[in-house]
Amino acid sequence: MVHIILGGTFDPVHLGHLRMAQEMLNRFPEAEVSLMPAAYPPHRPTPGATTEQRIDMLKLVLETSPNFVLDTRELERDEPSYSVVTLRNIRLEIGDNPLIFLMGTDAFSKLDSWYHWRELLDLSNILVVGRPSSELPQQGPVAELYQAHKVSNPQDLAHHSCGKIGFCEMPQLDISSTYIRQQIKSGFSPRFLLPDVILDYIQKHGLYGYQSHSPKGN
Ligand code: ATP
Ligand code: MG
C-alpha cells in the first residue's frame, strides 16, 4: 500500500488542500491519503482556530469524503513535532511500503529551514505540487537536492519506499488559509474557496473574527 501524507495547519482546511488530496487519489488509486494537521506551538496565540476546532473541521470534510484519512498524531504531543520525527514514526508502522510526503512549491522551496531536512528522504519520498506565486527552486541546496533525487514521472514514487522527489502540475487553485482568514476578518465572504460545511462551522463558532451579521458579499 502506498501512503500519502498531506501535512498542514488547515486553519481552515480549504479547496486547495482538498483538490490536491483528490488528485492524489486519482493518480494513485491504491493509496491511502492522510490529512495530517500540525500542532501550533503551545502557549502562543494561534492565527485562528483551536486545535479541537481544526480537527472538527477536518472531520466534517471526512464525513463527505470518506476516502481521506485523518492523522492526528502531531496533535497528540504537547510540543510541535518535527516532520522528520513524525516520518520516523510512520515508517516504523508501515515497514518498507512507499511513503509520499506531499507539499506545495512554497513549502518545498523552504525545505532547508526544516529540522534535519536532509534526513527526510531517508524516510519518505517527496511529491511537490505547483502552487501559484511560488516555483521550484532553481538554485541553492533545495534545488540541488531536487536535481539529485528527482524522478521524471511522479507515478514512479509508488515504486520506491523513500528517497525520490517528484513534481506534478495540477490545475492550480490560488487559495490559501491566510486569504480566507483575511477575507473573513474584513467582513467579506470566503464562500466558494472552501466547503460549505466548513463555512457553516466558521459562522457557527465565530472563527477568524467572523461577525454573525451577514458578511459583505454574502
Ligand atoms: P496558511 O496561509 O495559513 O499558511 P495554507 O493555505 O498555506 O495556509 P497550509 O495548511 O499551510 O495551508 O498548507 C499545507 C500544505 O498544503 C503545504 O504544503 C502547502 O504548500 C499546500 N497547499 C495549501 N494550499 C495549496 C494550494 N492552493 N495549492 C497547492 N498546494 C497547497
Ligand atoms: Mg501555508
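A backbone N or O atom of F10 lies 3.2 Å from an oxygen atom of ligand 1 in this predicted model, which falls within the cut-off for a polar contact (a pair of N or O atoms within 3.5 Å). T9 does likewise, with a backbone N or O atom 2.9 Å from a ligand 1 oxygen, and for S177 the corresponding distance is 2.8 Å. With the ligand held this way, the protein covers 87% of the 590 Å² of accessible area that ligand 1 has on its own (Shrake-Rupley method, 1.4 Å probe).

As for the model itself, it is predicted, with local features needing pLDDT of at least 70, side-chain atom pairs counting only at pLDDT 80 or more, and totals for chains, interfaces and linings using all residues. Residues are numbered from 1 along each chain as its sequence is written, chains are lettered from A and ligands numbered from 1 in written order, and side-chain values use heavy atoms, leaving out hydrogens and water.

Around ligand 1 there are 20 residues, of which H14, D106, L173, S177 and T178 come nearest; a residue joins this shell if one of its heavy atoms lies within 4 Å. By class, the shell has seven nonpolar, ten polar and three charged residues, with Asp, Glu, Lys and Arg counted as charged and Gly among the polar ones. At least two shell residues come from each of β1 (3-8), α1 (15-27), β4 (99-104), α4 (105-108) and α7 (177-185), where helices (H or I, at least four residues) and strands (E, at least two) are DSSP runs. Ligand 1 lies between domain 1 (3-169) and domain 2 (177-209), because both give residues to its shell; the bounds come from an automatic or database domain assignment.

A cis peptide bond, with omega about 0°, joins D11 and P12, and P12 sits in the loop between β1 and α1. S133, a residue other than glycine, has a positive phi near 70° and is found in the loop between β5 (125-129) and α6 (141-149).

Note on methods
A polar contact is a pair of N or O atoms within 3.5 Å; within protein, one must be able to donate a hydrogen and the other to accept it, and residues adjacent in sequence count only if both atoms are side-chain atoms.
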